Amino acid sequence: NLFCFRKKQMIKRLFIVGTITGLAHLLNLITLKALSKFADNQTISLIGEIDSFFLLIVSITTFGLQTTTTRDLAINENTWRESLEQTQSARLIVGIILMLFGLLGFATTKNYLFFFAPVLALNADFALYGRGKPVWGAIISFIRLFVPSAAIIAGIMFWEDVSLPLLFAVSTIFGFLIAGILVSRFLGVGYFVKPQLNNLKLYFTNAPIGIANLSYFFVGLGILNVASYFYSAETISSAYLALKLYFIYTGLRRIIVQTFFKELIFIHQALKVDYLTMIFGVSFASLFVFYPEITLPLLFDEEALKIKNLFALMGLLAFISSISSSSNARMLIKKKDIAYSKNYLIAGISTCLIVVILYYLIGDNPNMIIISCVLGELILLTLNGTALKEKKYYSTRITLILPILVLALLYYAAFIFLEESFWRLTLSFVLLLIASLNILQTLKKLNSK
């Protein structure tokens, strides 16, 4: 009875966290739609660069500390306050160091954002998850996202002459400030911490994870930090819309992985997680491959149909990244920290190099930015699968998802070659039914292992 009660509580908590996270991403989608409809390419491009730059600052100040600190907060009941204080002290010092880079504002306007690195560093919403308060963690994350989104929408609706990029930057900083203060209140700890240089050793201790997390940031939305120096504002604007959608997708996919995190030590559970995320990836990609005429105007506007191939590539990126969703956790569990760090570093650097090479070979095209991320994910998939040294790593996953891919291709063929009729509708229904039965049978088989 106690086990059933705990299981029900876990499901309830997961549902609440998933709902709040979903609302946060829905808010992101509403903001993207407002921007695509009312803002010009230059504005969207600059907002995308600022958004990516803020995420870069967070990645640098976090640098693997979030993972280890969350674990320490969960298992060390008596010393968790000291662990959190040391982590925040180290992050604050790095934030102060990054402020110095703000002096490079003469080189690019975005560098001025480094002046606000300490504010971003002092937000410790991850600590709520470590202390068993995921609902409050999700709520505060929602508030942090709500502030800039609400500011952008209000700016579009009521302030015609306002600079949306400036409004976005200021409101994002304000959102981080509110979130940081609320976290400190909920945990009963101080918001401001004393910066102590000896706490910087935490960064060296967590270097492998930090390097991996920072590198992987560039295989996605972070690539805009590199691409913006080469590609035009119109290209960056289009790429930002696609990569922001991918960013939302990865956030939702992460919920699946986190749900089964403790069980990932077992190969069959890792297979189940990868299968679920692959199904999610195929479903997500299908929205942009099969139904761009419906999906894109709904998310953005009719103009987005001009770059529908860009979103189809983004769908491909989502699927490829889902094939080995469990690999990073598996490598950490198997204590392959060095290989973990090396693989993500190679993937991140490769993505940055490819996006520049494609610019000079092909030209100023947003597809090239997404293709560089696709190739980065393929490199990472190959390296992680090899490093894990698990028997039939690739063939097992391909075998699991192959029936769904075949059914998807048949559906696509029917969609292209058959006119809209009763027979196409019937065939589509039959293919969907077969796919559903196959998914249920595969999950049953995986659960029985």
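How many Å² does the accessible surface of the chain come to, and what percentage of that surface belongs to carbon and sulfur atoms? In this predicted model, the accessible surface is about 22,300 Å². Carbon and sulfur atoms contribute 68% of that area.

The secondary structure consists of 20 helices and zero strands. The C-alpha trace spans about 70 × 60 × 40 Å along its principal axes. The radius of gyration is 22 Å, which agrees with the value near 22 Å for a compact globule of 449 residues. Buried residues account for 51% of the 449 residues. Among contacts with a separation of 6 or more, 78% join residues 24 or more positions apart. The chain carries 37 positive and 23 negative side chains. The centres of these two sets are 16 Å apart.

Helix α8 covers residues 164–187 and has 24 residues. From first to last C-alpha it reaches 34 Å, close to the expected 34 Å. Helix α20 covers residues 422–447, 26 residues in total. Its end C-alpha atoms are 38 Å apart, in agreement with the 38 Å that it should span. The buried residues of α20 are Arg424, Ser428, Leu431, Ala435, Asn438, Thr442, Leu443 and Leu446. The cover over these buried residues includes α13 (267–289) and α19 (393–417).

Individual sites were then examined. Arg330 is placed in helix α16, residues 327–333. Arg330 counts as buried because its relative accessible area is 3%, under the 20% cut-off. Leaving aside neighbours within four places in sequence, Arg330 is in contact with Leu264, Ile265, Phe266, Ile267, Ala270, Leu388 and Glu390.

Ser45 is located in helix α2, which runs over residues 41–62. Its relative accessible area is 2%, so Ser45 is also classed as buried.

Val226 belongs to helix α11, residues 224–227. The relative accessible area of Val226 is 18%. That value is under 20%, so Val226 counts as buried. Val226 is in contact with Phe218, Cys352, Val355 and Val356, leaving aside neighbours within four places in sequence. Val226 and Phe101 are 125 residues apart along the chain. Their C-alpha atoms are separated by 17 Å.

Phe38 lies in helix α1, residues 2–38. Its relative accessibility is 58%, over the 50% cut-off, and Phe38 therefore counts as exposed. Phe38 and Leu440 are 402 residues apart in sequence. In space, their C-alpha atoms are 44 Å apart.

Key: Residues are numbered from 1 along each chain as its sequence is written. This is a predicted model: local features need pLDDT of at least 70, side-chain atom pairs count only at pLDDT 80 or more; totals for chains, interfaces and linings use all residues. Side-chain values use heavy atoms; hydrogens and water are left out. Helices (H or I, at least four residues) and strands (E, at least two) are DSSP runs, numbered from the N terminus. The radius of gyration is taken over C-alpha atoms; the globule rule is 2.2 Å times the number of residues to the power 0.38. Buried means under 20% relative accessible area, exposed over 50%, partly exposed in between (1.4 Å probe, protein chains only). Contact means heavy atoms within 4.5 Å. Accessible areas come from the Shrake-Rupley method with a 1.4 Å probe; for residues, only the protein chains shown count as cover. Lys and Arg count as positive and Asp and Glu as negative; His and the chain ends are not counted. The place of a charge is taken as NZ of Lys, CZ of Arg, CG of Asp or CD of Glu. The expected span of a helix is 1.5 Å times one less than its number of residues.
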